[in-house]
Amino acid sequence: MGGTKRRPYGSTAKTRQMVLAALGVVKVATAEQIQQLMCPGTASAQTVRNGCLDLGRDGLVESLGSASRTNAAGNLVSEKLRPAREMGGTARGAARAGAKHAVKVTDTITAFLQTPPEPTRPVPRKRPQPATTAPTSAPAGDGTSAAPAAVPERPQGLGQISSWATEVVLPVSGTLTTPGKNSPRADAVLTAPEAGLPVMFVEVDNGTENPVVLSSKAARYREFFRRTVKQPAPSPNPYARLAEKPVPMWETLYGPLGREGYPPLAIVFTKQVGPTAMNNRINSVMRLTKAHWAGQYCEFATSYGSDERDGYTDYTDAVPILITTLDRLREHGPQSPVWFRFGHSTWQTLTDALDNPDDGRAFTRRQRQRHQLRKQQREQEEQHRERERQEARERWAAHEAAAEAARDPDPVCQECHGPLESSPFEYDPREEDAPPADGAHCAGCRIQLAEPTGRFGRVIRRLVNGDERYPRR
């Protein structure tokens, strides 16, 4: 498919749309970078170059300056930098100067996105294409249709090209259009709420700034995060508006995080250095920024009157600072354990790195566990005391039973088989009229035995005492 009078380089509308979408975010990029960013499955970057050249005829894209890179063969090649013309003098000036930092920002966004490569089939051309690049460029096609080339798999990415913005002003004072002095300018901002990341600010470090300058950016970010504004009130009542609580300015721009603290700040180191030099740089930045990411430790007694102490770290005014390298991002993707958060002890996934395992939630869980443990201990102690009381009752009952069994039985009357003697606590008036105790009969039986036994005696007994066989009338 050859070019037309308006599109002499034969680019398609889809290609031009991808070029504009990429340059609308990254501002400055090479054709190779746009290919990796938007359509890594294409055979070469010539398709993107043709799209840039056709857009240049419409005054939408410029070709200014150049950037050097090492190709797959290990050779150093130079590529044209193309800024979007409507981005103004900043992008054009960066392109003329080589845009080393902007190129690394584009590489970083590409490593975040990890755009899945889709296999494509070269488009057959009706006539040869005009020469648009140096001889080192790959050919656009020989006019024949070849089988789609196999494309390598990429790790899982994060966000879309529309999720990104670059060179974002964060005013510590003033407005977004006229920010105050010392307002930070984020290299890139990622908003991916669909991935559980409402916002993340990204700083790309090429190794050209010393650790002190790099660390000072954390202080400016924290100052911006601390800034509050009055949220517009839906109610027309002026008193209701005065009663409203100020909200962080960043929250009005990007929405709440759904967790404690400020949005994360990710630092991506792009310069390839040895492990010792990289560790020294990371440790220097971590030490210099500790006041901004460490949070405040709060300690308490675990219970009233207890000497045991425990606490948590309050991250309300802390900036989560995460670091990684461009090589790690390219090889493993942003969803892998390529992140080291200052204050943590190991490389982690993004989700784990953003978590605060020692915050108030962890302290509350430990307190709940301690309360539950103390409750169980009290219940066990009460059960132990109840067992001791039951054992004491059983021992006393056994002792009483043994003592009862060891005592001699109380003597009984041989006549009526009742108690031989009355209770010492009760007065028995029969004892006064009864004959002396004989050790064999109770007082009542002694009285009866002492009375006359003949017929005359029975009559007397019936008349005086009332005999059961001869009741009184």
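**Figure 1. Overview of the protein chain.** The protein chain has 16 helices and 13 strands; helices (H or I, at least four residues) and strands (E, at least two) are DSSP runs, numbered from the N terminus. This is a predicted model, in which local features need pLDDT of at least 70 and side-chain atom pairs count only at pLDDT 80 or more, while totals for chains, interfaces and linings use all residues. Residues are numbered from 1 along each chain as its sequence is written, and side-chain values use heavy atoms, with hydrogens and water left out. Of the 473 residues of the protein chain, 38% count as buried; buried means under 20% relative accessible area, exposed over 50%, and partly exposed in between (1.4 Å probe, protein chains only). Among contacts (heavy atoms within 4.5 Å) between residues at least 6 apart in sequence, 60% join residues at least 24 apart.

**Figure 2. Helices H1 and H3.** Two packed helices are described by the angle between their axes and the distance between the axes. Helix H1 covers residues 13-26 and helix H3 residues 46-57; they pack at an angle of about 80°, and their axes are 9 Å apart. Axes are lines fitted to C-alpha atoms, for helices over the stretch in contact, and angles run from 0 to 180 degrees between N-to-C directions. H1 and H3 are therefore roughly perpendicular to each other; angles under 35 degrees count as roughly parallel, over 145 as roughly antiparallel, 65 to 115 as roughly perpendicular and the rest as oblique. On the H1 side, the contact is made by Thr-15, Arg-16, Val-19 and Leu-20, and on the H3 side by Thr-47, Val-48, Gly-51, Cys-52, Asp-54 and Leu-55. The residues of this contact of H1 with H3 divide into 5 nonpolar, 3 polar and 2 charged. Here Ala, Val, Leu, Ile, Met, Phe, Trp, Tyr, Cys and Pro count as nonpolar, Asp, Glu, Lys and Arg as charged, and the others, Gly among them, as polar.

**Figure 3. Helices H1 and H2.** The axes of H1 and helix H2 (residues 31-38) cross at roughly 100° and come within 10 Å. H1 and H2 are therefore roughly perpendicular to each other. H1 contributes Met-18, Val-19, Ala-21, Ala-22, Leu-23 and Val-26 to the contact, and H2 contributes Ile-34, Leu-37 and Met-38. By class, the contact of H1 with H2 has 9 nonpolar residues, no polar residues and no charged residues.

**Figure 4. Aromatic rings around Phe-225.** The structure holds 13 aromatic pairs. Rings of Phe, Tyr and Trp (its six-membered ring) pair if their centres lie within 6.5 Å; planes under 30 degrees apart count as stacked, over 60 as edge-to-face and the rest as tilted. The ring centres of Phe-224 and Phe-225 are 5.8 Å apart and their planes are at 50°, so this pair is tilted. Both Phe-224 and Phe-225 are buried. Phe-225 also forms an edge-to-face pair with Trp-250, at 6.5 Å centre to centre and 75° between the planes. Phe-225 lies in helix H6 (residues 211-226) and Trp-250 in helix H8 (residues 249-254), so the pair ties together parts that are 25 residues apart in sequence. The relative accessible area of Phe-225 is 1%, and Trp-250 counts as buried at 3% relative accessibility. Ring pairs link Phe-201, Tyr-221, Phe-224, Phe-225, Trp-250, Tyr-254 and Tyr-262 into a cluster.

**Figure 5. Arginines over aromatic rings.** Arg-328 lies over the face of Trp-347, at 3.8 Å from the ring centre. Arg-341 lies over the face of Tyr-315, at 5.5 Å from the ring centre. A charge sits over a ring if NZ of Lys or CZ of Arg is within 6 Å of the ring centre and within 35 degrees of the ring normal.

**Figure 6. Ile-267 in strand S9.** Ile-267 belongs to strand S9 (residues 265-269) and is buried, with a relative accessible area of 5%. Leaving aside neighbours within four places in sequence, Ile-267 is in contact with Glu-203, Asp-205, Leu-214, Val-285, Ile-321, Leu-322, Ile-323 and Thr-324.

Figure 7. Glu-167 is not a glycine, yet has a positive phi of about 50°. Glu-167 is found in strand S4 (residues 164-169) and counts as partly exposed, at 38% relative accessibility. Asn-182, also not a glycine, has a positive phi of about 65°. Asn-182 is placed in the loop between S4 and strand S5 (185-192).
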